[in-house]
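Welcome, and please have your viewer ready. We will go from one selection to the next and look at what is there.

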Amino acid sequence: MLKTFYTDSNTYYFNSENFTISTSNNNSETRVEKELDKSTLKKVVINISNSCNLSCAYCYADGGNYGMTNQLMDHPTADKIIEQLVSGDVKRINRLILFGGEPFLNIDLFVYIIEQLSQNIEVSKIETVTNGTVLNKKVKSMIEKYQPFLIVSLDGPQEIHDQLRGKGSHRRTVKFIDYLKSINYETFEVASTYTRKHQKLNLSKEDIYKYFTDMSIRFNINNVFSKNKILVVKEMEMSKEKRKEFIVQSINDIIEANVKNYISPIVYDVLLSMIYKSKTESFCDDIDPENTVTFDVDGTPKSCFRFWGTHNSDKVSLFNNKDNFEKCKNCWCKGMCMECVANMIDGYSPIISEDGQFLKCQKQDLMEYCVYQIIALSSDKVKLSKLVNNFERFIRYA
């Protein structure tokens, strides 16, 4: 499909199959075909801790145990997972994600899985999500030896963080971040969940943004998804104009290499497609056993970590198929669009309801605006080159 873009100086055509821009409407409709390498897995996610030492007010995982009993994965279960991967002729794992609950409550198994897998499989990147409250000698040793990418949960200043996660948790998490800074550890970012409680304390997203930029750390801020309506953000989405401003700001941040700034998901998706020819056939390409495998704490394979424990669903395939939604099926930016399937099924998506009804979507307009910004940059070769070359440094997950 060709999407037409009109400017004062020219008419441009965006090919939504191969993500190229041309002044000719004869631009070939060549499809981007993914090469399947069965020896490489894009991602392996393992729930090593069905337990957490905090009780966060908005936790989608029922306090970390996903509706099950609190437990830590044991060595025999880990061995079965490792054997399954090795016997399946997997030679390379791009991203090994050890997850929870709080994964550092099972730090011995954390290290064991890395060591055992690495004997037979090349592991390119190790990742984890932590609340940053567990910092002992074993955790420090693991961090310094294996250099995992850490996503540290911090919801803002002490007044809001402790309300949401428990008294004293902010101090411990900041201590964890200060430790990472003290060893000049660069491979981490903070993940902040923005809630209605922030708003009641008159803490805007701009306030949280400034809080993290003042800390000089890499971060991202996401609206809460929670069945607890008291926590759901009022006016969940920024206005369209604000989102457009964010697109412009994000493009400038990439050009200026402000790598610690959080950039617009719209810009992220557009550039990922245009620069790397990354086409998303479904809403979430991770829900594909040829790309990604996910194991629950008992070793059971699941389609996604959001479906661990009692959260399992038989609607995943239905909701993950863009062609099941008429407005998505014929959308010009279909190949660039990503949306969390679990959010849809759980009723958190602003685009598709939990009963499968299309609600509304601003992505077409926002992606069109983003492409117009990129076209405008084509007259400045230096800035355009910086946008393309610097973007790799903003890719959170590879």
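**Stop one: helix 13**

Select residues 363-377, which form helix 13. Its 15 residues, at 1.5 Å a residue, should span 21 Å, and the end C-alpha atoms are 21 Å apart, which agrees; the expected span is 1.5 Å times one less than the number of residues. Helices here are DSSP runs (H or I, at least four residues) and strands are E runs of at least two, numbered from the N terminus.

A word on the model: it is predicted, so local features need pLDDT of at least 70 and side-chain atom pairs count only at pLDDT 80 or more, while totals for chains, interfaces and linings use all residues. Numbering starts from 1 along each chain as its sequence is written, and side-chain values use heavy atoms, leaving out hydrogens and water.

**Stop two: helices 2 and 3**

Next, show helix 2 (residues 107-118) and helix 3 (residues 137-146), whose axes come within 10 Å and cross at roughly 25°. The two are therefore roughly parallel (angles under 35 degrees). Among the residues making the contact (heavy atoms within 4.5 Å) are Phe-110 and Ile-114 of helix 2 and Met-142 of helix 3.

**Stop three: His-198**

Finally, pick His-198 in helix 6 (residues 196-200). His-198 is buried, with a relative accessible area of 0%. Beyond its neighbours within four places in sequence, His-198 contacts residues including Asp-155, Thr-193 and Ile-208.

Notes
Axes are lines fitted to C-alpha atoms, for helices over the stretch in contact, and angles run from 0 to 180 degrees between N-to-C directions. Angles under 35 degrees count as roughly parallel, over 145 as roughly antiparallel, 65 to 115 as roughly perpendicular and the rest as oblique. Buried means under 20% relative accessible area, exposed over 50%, partly exposed in between (1.4 Å probe, protein chains only).
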